[in-house]
Amino acid sequence: MRIDEYEILFKKYYKQIFNYCRVKLRSEHASFDCAQEVFWILYQKIDKVDVTENILIWLYRTADKVISRYIKKNSKDLSLDSLDEDIEDKREMFNESYEIIDTLVSKDELSLLENYYLEGVAIREIAEKASVSEAAIYKRIERIKAKITRYGKELL
């Protein structure tokens, strides 16, 4: 049995899977249950699972299945009250994240991210407006995301 690999995967991905469940279920308690089940399934199948760079995809797919089963069994427990609380929590997290990102990138970089991710402007349109190629816009976005990721890890 590859327990060492399991422990590494648990430490590396548990928080991501928990947060994924939290977004889908809008309930901390339900998210905890589902994330635990995902990692229990991984533990049971650790000898059969290919622990490569695709393990995160496997974890997300497993989480989707676990979440679906949870919703079918416990749809009454997922109340509107917890939904309201979760929406407020998400607003708070978004505002904090936005403030951090705002300090890490320039105004032009932030504008590019807002256009692409928040407003849904097509890469083609952004490239035409900036008089550059679409590839250049993709590369800028990639660099900005790498910058945010690098500095974000330093903040943690």
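Contact here means heavy atoms within 4.5 Å. With that in hand, welcome to a quick tour of this predicted model. The protein chain has 7 helices and 0 strands, where helices (H or I, at least four residues) and strands (E, at least two) are DSSP runs numbered from the N terminus. Read from the N terminus on, its elements run α-α-α-α-α-α-α.

Some ground rules first. Because this is a predicted model, local features need pLDDT of at least 70 and side-chain atom pairs count only at pLDDT 80 or more, while totals for chains, interfaces and linings use all residues. Residues are numbered from 1 along each chain as its sequence is written, and side-chain values use heavy atoms, with hydrogens and water left out.

**The chain as a whole**

- Of the 156 residues in the protein chain, 28% are buried; buried means under 20% relative accessible area, exposed over 50%, and partly exposed in between (1.4 Å probe, protein chains only).
- Looking at contacts between residues at least 6 apart in sequence, 63% join residues at least 24 apart.

**The nonpolar cores**

- A nonpolar core is a set of buried Ala, Val, Leu, Ile, Met, Phe, Trp, Tyr and Cys residues joined through side-chain atoms within 4.5 Å.
- In soluble globular proteins, nonpolar side chains tend to be buried together.
- The largest such core has 24 residues, and Ile17, Phe39, Leu42 and Leu59 have the most contacts inside it.
- At least two residues of this core come from each of α1 (3–25), α2 (28–45) and α3 (55–74).
- α1 gives the largest share of this core, 8 residues.
- Another core, of 12 residues, lies apart from it and includes Val105, Leu113, Ile123 and Ile144.
- Leu42 is in contact with Tyr6, Leu9, Val49, Ile55, Trp58 and Leu59, leaving aside its neighbours within four places in sequence.

- Two packed helices are described by the angle between their axes and the distance between the axes.
- Axes are lines fitted to C-alpha atoms, for helices over the stretch in contact, and angles run from 0 to 180 degrees between N-to-C directions.
- α1 and α3 pack at an angle of about 40°, and their axes are 10 Å apart.
- That makes α1 oblique to α3, since angles under 35 degrees count as roughly parallel, over 145 as roughly antiparallel, 65 to 115 as roughly perpendicular and the rest as oblique.
- The crossing of α1 and α3 is right-handed; a crossing is right-handed if the near helix is turned clockwise from the far one by less than a right angle, and left-handed if anticlockwise.
- On the α1 side, the residues that meet α3 include Leu9, Tyr13, Ile17 and Tyr20, and their partners in α3 include Ile55, Leu59, Ala63 and Ile67.
- The residues of this contact of α1 with α3 divide into 14 nonpolar, 1 polar and 2 charged. Here Ala, Val, Leu, Ile, Met, Phe, Trp, Tyr, Cys and Pro count as nonpolar, Asp, Glu, Lys and Arg as charged, and the others, Gly among them, as polar.

**How α2 packs on α3**

- The axes of α2 and α3 come within 9 Å and cross at roughly 125°.
- That makes α2 oblique to α3.
- α2 passes α3 in a right-handed crossing.
- His29, Ala30, Asp33, Cys34, Glu37, Val38, Phe39, Ile41, Leu42 and Lys45 are the α2 residues that meet α3, where they find Ile55, Trp58, Leu59, Thr62, Ala63, Val66, Ile67, Arg69 and Tyr70.
- The residues of the contact of α2 with α3 divide into 13 nonpolar, 2 polar and 4 charged.

- Ser31 is found in helix α2 and counts as buried, at 0% relative accessibility.
- Not counting residues up to four places away in sequence, Ser31 touches Phe18, Cys21, Arg22 and Leu25.
- Ile141 sits in helix α7 and is buried, with a relative accessible area of 5%.
- The C-alpha atoms of Ile141 and Leu113 are separated by 7.1 Å, and the two residues are 28 residues apart along the chain.
- Leaving aside its neighbours within four places in sequence, Ile141 is in contact with Leu112, Tyr116, Tyr117 and Ile123.

**Two loop residues with positive phi**

- Arg26 is not a glycine, although it has a positive phi of about 60°.
- Arg26 lies in the loop between α1 and α2 and is partly exposed, with a relative accessible area of 39%.
- Ser131 is a residue other than glycine with a positive phi, near 60°.
- Ser131 is found in the loop between α6 (123–130) and α7 (134–155) and is exposed, with a relative accessible area of 66%.
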